[in-house]
Amino acid sequence: MPKGPRGEKRPADVIGAAVKIAKIATGEIEEDIATPEKEGKDPAAVSMGKRGGKARAEKMTAERRAEIAKLAASRRWRTKGPSN
């Protein structure tokens, strides 16, 4: 079954999708959007995880970011051979 931009389940056919959207718009049914709470995750942990990458990037020097980028590029472009 196709999924929407936030992972919600949507009908596979066009008419079914149109009917579901019309029912949501008229309030006949509620849209079921997955939230971290519904998935059993701790909201505080989710918010910390969203901030982690940004905080790490702010602390890192430009030289260190360049070093990490070079290492990633070299690993991405190396050939797959018997020694790798």
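In what order do the elements of the protein run from the N terminus on? Please then examine helix 1 and Ile24 within helix 1.

Analyst: From the N terminus on, the order is α-α-α: the protein has three helices and zero strands, where helices (H or I, at least four residues) and strands (E, at least two) are DSSP runs numbered from the N terminus. This is a predicted model, in which local features need pLDDT of at least 70 and side-chain atom pairs count only at pLDDT 80 or more, while totals for chains, interfaces and linings use all residues. Residues are numbered from 1 along each chain as its sequence is written, and side-chain values use heavy atoms, leaving out hydrogens and water.

The mean pLDDT (the predictor's confidence in each residue, from 0 to 100) of the protein is 82, and 85% of its residues reach 70 or more.

Helix 1 covers residues 14–26. Its 13 residues reach 18 Å from first C-alpha to last, close to the expected 18 Å, a span defined as 1.5 Å times one less than the number of residues. Gly27, with a positive phi near 85 degrees, follows helix 1.

Ile24 lies in helix 1. Ile24 counts as partly exposed because its relative accessibility is 23%; buried means under 20%, exposed over 50%, and partly exposed in between (1.4 Å probe, protein chains only). Not counting residues up to four places away in sequence, Ile24 touches Ile29 and Glu31, contact meaning heavy atoms within 4.5 Å. In the protein as a whole, buried residues make up 4% of the 84 residues.
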